Amino acid sequence: MIMPMALEWEQIIVDSSDPIALGQWWAVALGWVVVDKTEEIVEIRPAPDRLPGLLFVPVAEGKTAKNRLHPDFRPDDQEAEVARLISLGARRAEPVQEGQHWVTLFDPEGNEFCVLAEPRS
């Protein structure tokens, strides 16, 4: 019998050209708190003692292709949440197509994320 390893999901690393600004943007967008910040990095979490977090780190190269991993969020009100995120500086990636239940947005550095509609019944 194979025993599973005891792994705890600590964080996701987000490469960024301006990790402080992007981390602070995501903290506001998610309503999370900054738990660590230096001149180069910022880590945010849902609460100081809750995991996983997001750790924003500097990279020299810019984003050149679609992210291979992106978060999906399901708010109570998709339309209101999309409007709120856009007011914070997100951009719409493409128009919503007929029957599509998500809206793809870009954060200020062009990283994709989706805002889902209410669960279908």
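Among contacts in the protein (heavy atoms within 4.5 Å) between residues at least 6 apart in sequence, 48% join residues at least 24 apart. The model is a predicted one, in which local features need pLDDT of at least 70 and side-chain atom pairs count only at pLDDT 80 or more, whereas totals for chains, interfaces and linings use all residues. Residues are numbered from 1 along each chain as its sequence is written, and side-chain values use heavy atoms, with hydrogens and water left out.

The protein has two helices and eight strands (DSSP runs, H or I of at least four residues for helices and E of at least two for strands, numbered from the N terminus), and these elements follow the order β-α-β-β-β-β-α-β-β-β from the N terminus on. Taken along the principal axes, the box filled by the C-alpha atoms is roughly 45 × 40 × 30 Å. Of the 121 residues in the protein, 34% are buried (under 20% relative accessible area, with a 1.4 Å probe and protein chains only).

Asn111 is located in the loop between strand 7 (102-106) and strand 8 (112-116), and this residue counts as buried because its relative accessibility is 13%. With residues up to four places away in sequence not counted, Asn111 touches Leu22, Lys63, Asn67, Leu105 and Phe106. With Asn67, the side chain of Asn111 also makes a polar contact, side chain to side chain, at 3.3 Å (a pair of N or O atoms within 3.5 Å, of which, within protein, one must be able to donate a hydrogen and the other to accept it, residues adjacent in sequence counting only if both atoms are side-chain atoms).

Key
Buried < 20%, exposed > 50% of the residue type's maximum accessible area, 1.4 Å probe, protein only.
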